[in-house]
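Work through the exercises below with the sequence and the 3D model in view. Try each task before reading its solution.

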Amino acid sequence: MLASKEEITQFLRNVFPQAPIEVEAAAPMSATVRFKVTEKSLRPGGSVSGPVLMTLADTALYVAILATIGIVPMAVTTNLNINFLRMPKAEKDVVGECKMIKVGKTLAIGEVFIYSDGEEAPVAHATGTYSIPPNRDLKTANR
């Protein structure tokens, strides 16, 4: 059962109320998410920090998976690899565009390109793997 952008947004607000991330798009096998950059998001030198970019990549993967298989809270990251390509603009939000490569019964694999809002060249590229629990009855937990 697929989950809509609205259902995913509500779920994320309930379980991660502290996260400054907005779901811009969610469809089967893809998602676009935005991290609202603030002063707290920056590292010395005026760049968006690596942990912010990693959070954005991980969230983009999670949203794309939920849009594909439904709200399954216990789908968890098993691997996240990120390459930092260039310095993100401190005055711009960062946007992650995720495309899933494969979503199977127990594993989901995808990639995320991260951009400073409005820029053409990516600032980072990430790949990740999620473990999908065999008992999908957990999908309604925490809703």
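**Exercise 1. Give the volume of the largest pocket, and describe its lining.**

Step 1. The largest pocket has a volume of about 370 Å³. The model is predicted: local features need pLDDT of at least 70 and side-chain atom pairs count only at pLDDT 80 or more, while totals for chains, interfaces and linings use all residues. Residues are numbered from 1 along each chain as its sequence is written, and side-chain values use heavy atoms, with hydrogens and water left out.

Step 2. Apply the terms. On a 1 Å grid over the protein atoms alone, a pocket is an open set of points where a 1.4 Å probe fits, with protein on both sides within 12 Å along at least five of seven lines; a lining residue has an atom within 4 Å of a point. The volume is the space filled by probe spheres set on the points, which are joined across faces, edges and corners.

Step 3. The lining has 16 residues, and Leu12, Phe16, Ala19, Ile21 and Thr59 lie nearest the centre of the pocket. By class there are 9 nonpolar, 4 polar and 3 charged residues. Here Ala, Val, Leu, Ile, Met, Phe, Trp, Tyr, Cys and Pro count as nonpolar, Asp, Glu, Lys and Arg as charged, and the others, Gly among them, as polar.

Step 4. At least two lining residues come from each of α1, β1 and α2, and α2 gives the most, with 5. Helices (H or I, at least four residues) and strands (E, at least two) are DSSP runs numbered from the N terminus.

**Exercise 2. Check the span of α2, and state how many of its residues are buried.**

Step 1. The expected span of a helix is 1.5 Å times one less than its number of residues.

Step 2. Of the 20 residues of α2, 16 are buried (under 20% relative accessible area; exposed is over 50% and partly exposed in between, with a 1.4 Å probe and protein chains only).

Step 3. After α2 comes Gly70, with a positive phi near 100 degrees.

**Exercise 3. Which residues of the largest nonpolar core touch the most other members?**

Step 1. A nonpolar core is a set of buried Ala, Val, Leu, Ile, Met, Phe, Trp, Tyr and Cys residues joined through side-chain atoms within 4.5 Å.

Step 2. This core has 39 residues, and Ile8, Val94, Val112 and Ile114 touch the most other members. Elements giving two or more residues to the core include α1 (5–15), β1 (21–27) and α2 (50–69). The largest share is that of α2, with 13 residues.

Step 3. Beyond four places in sequence, the contacts (heavy atoms within 4.5 Å) of Val94 include Val33, Phe35, Leu56, Pro88 and Ile114.
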